[in-house]
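This report works through one structural model, beginning with a single residue and its neighbours and then widening to the whole assembly. Please keep the sequence and the coordinates at hand while reading.

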There are 2 protein chains.
Amino acid sequence: MDDEPACSIERSLQILGDHWTFLVLREIFAGRHRFAEIQTSLGIASNLLSARLKLLVAAGVLDTRTYREPGSRPRQSYHLTESGRDLRLVLAALQQWGDHHLPRPSGPSAVRRTSDGDRPVHVGFLDEDGREVPASEVSILTTGTPYETA
Amino acid sequence: MDDEPACSIERSLQILGDHWTFLVLREIFAGRHRFAEIQTSLGIASNLLSARLKLLVAAGVLDTRTYREPGSRPRQSYHLTESGRDLRLVLAALQQWGDHHLPRPSGPSAVRRTSDGDRPVHVGFLDEDGREVPASEVSILTTGTPYETA
């Protein structure tokens with residue numbers, strides 16, 4: 001692991017928690033579905049990767065499909081479920097935070113755009129009408145106890 | 001740790017990663033700033049809490065203030081910086097995912113509202129005009145390689 005990874009999700013996770021689970025998901029979002037290609041891309045030990053994939057399948061975040069290459073035994077590939085695809089927002093929020101607060105001189109390693117119009121997209125708070133609400137105007141209320149807003 | 005924590009952030013983090021760092025932040029967002037009150041609330045070992053707080057201060061997510069209670073030595077309390085406050089969006093995205101995909105029969109443990117009008121608030125993707133963009137219409141592009149959108 002470099003001191004300063006190019007990926008802002010990775011930089012965020014060096015501060016925010018065990019990064020492997022999120023990085024495994026990032027690889028699958030990027031279209032890597034097979035154990036060997038995820039392992040090669042991340043440089044993760046196979047026992048760690050195996051444990052993470054098992055947990056994500058058990059949690060319903062991933063499901064498996066069987067594939068078979070000529071001359072090989074059948075193997076499993078890993079795919080996002082609906083629950084897994086919804087984690088795109090969590091990954092994007094981590095990425096956005098990393099780009100803003102742990103920036104690299106060379107700029108963001110990834111950008112978010114609308115699929116059709118190539119317009120920039122960010123993550124934020126929205127009201128029921130789909131309009132942005134500034135974070136400073138959002139309260140998180142838990143069993144009667146307001147979370148601090150600042 | 002319960003099998004099914006009431007807090008959806010905590011449920012998300014049981015799948016998504018080392019939960020302590022995010023839970024320490026949740027406590028500080030909830031207005032707990034002193035080592036002893038964070039430790040009591042989370043039931044975290046003091047060496048783990050001390051390490052997490054040190055990391056978050058070094059990363060500029062928290063800063064410290066000195067306080068002194070009568071008859072005690074001066075101590076540090078922990079407060080969110082601007083960078084730390086911006087993690088509200090990441091925590092809210094985790095919470096929203098947990099509420100949706102790991103629901104409890106008793107409902108969400110926390111809700112997001114506008115501070116003024118008590119209107120429901122959610123986390124989503126937005127374009128430059130502050131209008132919501134469906135997640136299925138967002139592409140994440142990294143050095144020329146598009147992330148899968150489904």
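## A histidine at the chain contact

Leaving aside residues up to four places away in sequence, His101(A) touches Glu82(B), Ser83(B) and Asp86(B). The model is a predicted one, and within it His101(A) has its place in helix α6 of chain A, which covers residues 88-101. With one of these neighbours, Asp86(B), the side chain of His101(A) makes a polar contact of 2.6 Å.

## The contact between the chains

Chain B and chain A each bring 68 residues to the contact, and the area buried between them is about 6,000 Å², with carbon and sulfur atoms giving 62% of that area. Between chain B and chain A there are 20 residue pairs in polar contact, counted where both residues have pLDDT 80 or more. Helix α6 of chain B (residues 88-101) supplies 11 residues, the largest share of the side of chain B that touches chain A.

The count of salt bridges between chain B and chain A is 2. In a salt bridge across the two chains, the side chain of Arg119(A) meets that of Asp127(B), at 2.9 Å from N to O.

How are the two chains placed relative to each other?

Strands from both chains form an open sheet of 4 strands in the order β5(A)-β4(A)-β4(B)-β5(B), and the pairing is antiparallel. At its edges stand β5 (132-133) of chain A and β5 (132-133) of chain B, each of which pairs on one side only. In chain B, strand β4 (residues 121-127) pairs with β5(B) over 2 bridges in the antiparallel sense, and Leu126(B) stands opposite Glu132(B) of β5(B).

## An enclosed helix

Helix α2 of chain B (residues 20-29) has 10 of its 10 residues buried, so this helix is largely enclosed by the rest of the structure. Just after α2(B), Gly31(B) takes a positive phi of about 100°.

## Salt bridges within chain A

Over all chains, a search of the whole structure finds 20 salt bridges. One of them joins Arg11(A) to Asp99(A), whose closest N and O atoms are 3.9 Å apart; this pair links distant parts of the chain, with Arg11(A) in helix α1 (residues 8-16) and Asp99(A) in helix α6 of chain A, 88 residues apart. Both Arg11(A) and Asp99(A) are buried.

A further salt bridge brings together the side chains of Arg52(A) and Asp18(A), at 2.9 Å from N to O. Arg52(A) lies in helix α4 (residues 46-58) of chain A and Asp18(A) in the loop between α1 and α2, so the pair ties together parts that are 34 residues apart in sequence. Arg52(A) is buried at a relative accessible area of 16%, whereas Asp18(A), at 24%, is partly exposed.

Methods. Residues are numbered from 1 along each chain as its sequence is written. Chains are lettered from A and ligands numbered from 1 in the order in which they are written. This is a predicted model: local features need pLDDT of at least 70, side-chain atom pairs count only at pLDDT 80 or more; totals for chains, interfaces and linings use all residues. Side-chain values use heavy atoms; hydrogens and water are left out. Two strands pair if DSSP finds at least two bridges between them. Buried means under 20% relative accessible area, exposed over 50%, partly exposed in between (1.4 Å probe, protein chains only). Contact means heavy atoms within 4.5 Å. Buried area is the accessible area (1.4 Å probe) that two parts lose on being put together, summed over both. A salt bridge is a side-chain nitrogen of Lys or Arg within 4 Å of a carboxyl oxygen of Asp or Glu. A polar contact is a pair of N or O atoms within 3.5 Å; within protein, one must be able to donate a hydrogen and the other to accept it, and residues adjacent in sequence count only if both atoms are side-chain atoms.
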